[in-house]
Amino acid sequence: FSKMVDKKIISLSASYLNINELANSNLYGSVLDKVKAIAKDNKWKINSAITDDINGFSLGYAMELQKHGVDNIFFGLHTHHGMYPAFKKQNAFNWEMPNGKKLLVFVSEHYQVGNELGLVDTAFGNYIIHSNFEEGYFDHKKQIKEGAKRIRAYVKQMEKDGYEFENLPISTLGESIDNAPSNMDIPARVEALNKELKADGITLEMQTLEGFFANIRKENKKIETYKGDWPDWWSDGNASTPQDT
């Protein structure tokens, strides 16, 4: 595991689980202390955090992350529980802390969108993306063809929506369930999809958190700055998901 991290094949997130605003700064700070200690012992730089299924965090959470050396936060949203901040998905912004320092935030897409774009063989449900393609388990070649078709359509839609970056993140889980295991078939599917997408000028690449944020920063685009709390959908209890409750 350590060798893979040293070689930047995999990376660690500074965040721990998906803790909501019931956890105060003392509790969360103690968890981040452990992350910092692991990084120090192994001479790793853990400067990025990722969370899924939450649409925001309190300012106190962000301040604790920053205090522990985090520069970047990646959010995989749950798009059925809340809207994108600033009404824009796949969007970067700077979150300014009371001390004037900023965290780079990337608000991505639904955290399983890659599963529905064909990166996992158990995908192709109509949970996020609606198409006329049959659901469930089916022929591998058909899956790759349909996956490439969906990816092309998705990239075109993002261009139409004004997406400016060259790097477009597609979050994927090992299975189309929460808390999924890793899936060693994904790299082979990435290769197969890349063959289909070559003529379109689209290339899929597995990426670490640090690598992704380094690329976003290199592009040097104009990024908006916001201040204050960013409440998540759990903050309001059952008022946050009226359809389900």
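This report walks through a surface patch, a helix pair and some salt bridges in a predicted model.

Residues are numbered from 1 along each chain as its sequence is written, and side-chain values use heavy atoms, with hydrogens and water left out. Because the model is predicted, local features need pLDDT of at least 70 and side-chain atom pairs count only at pLDDT 80 or more, while totals for chains, interfaces and linings use all residues.

**Surface patch**

Phe1, Met4, Ile9 and Ile10 make a nonpolar surface patch of about 390 Å². Patch members have over 30% relative accessible area and no salt bridge; nonpolar side chains (Val, Leu, Ile, Met, Phe, Trp, Tyr) are joined within 5 Å, and like charges within 9 Å. Areas come from the Shrake-Rupley method with a 1.4 Å probe, and for residues only the protein chains shown count as cover. Phe1 sits in the segment before helix H1 (2-6); helices are DSSP runs (H or I) of at least four residues, numbered from the N terminus. With a relative accessible area of 62%, Phe1 is exposed (exposed is over 50%, buried under 20%, partly exposed in between).

**Helix pair**

Helix H2 (residues 25-42) packs with helix H3 (residues 59-67) at an angle of about 25°, their axes 10 Å apart. H2 is therefore roughly parallel to H3, a label for angles under 35 degrees. The axes are lines fitted to C-alpha atoms over the stretch in contact, and angles run from 0 to 180 degrees between N-to-C directions. The crossing of H2 past H3 is right-handed, meaning that the near helix is turned clockwise from the far one by less than a right angle.

**Salt bridges**

There are six salt bridges in the structure, each a side-chain nitrogen of Lys or Arg within 4 Å of a carboxyl oxygen of Asp or Glu. Here are some of them:

| Pair | N to O distance |
|---|---|
| Glu196 and Lys145 | 3.4 Å |
| Glu146 and Arg150 | 2.9 Å |
| Asp200 and Arg152 | 2.8 Å |

Asp200 is partly exposed at 38% relative accessibility, and Arg152 is partly exposed at 24%.

Glu146 and Arg150 are separated by about one helical turn because they are four residues apart in helix H5. Glu146 is buried at 6% relative accessibility, and Arg150 is buried at 6%.

Conventions. Helices (H or I, at least four residues) and strands (E, at least two) are DSSP runs, numbered from the N terminus. Buried means under 20% relative accessible area, exposed over 50%, partly exposed in between (1.4 Å probe, protein chains only). Angles under 35 degrees count as roughly parallel, over 145 as roughly antiparallel, 65 to 115 as roughly perpendicular and the rest as oblique.
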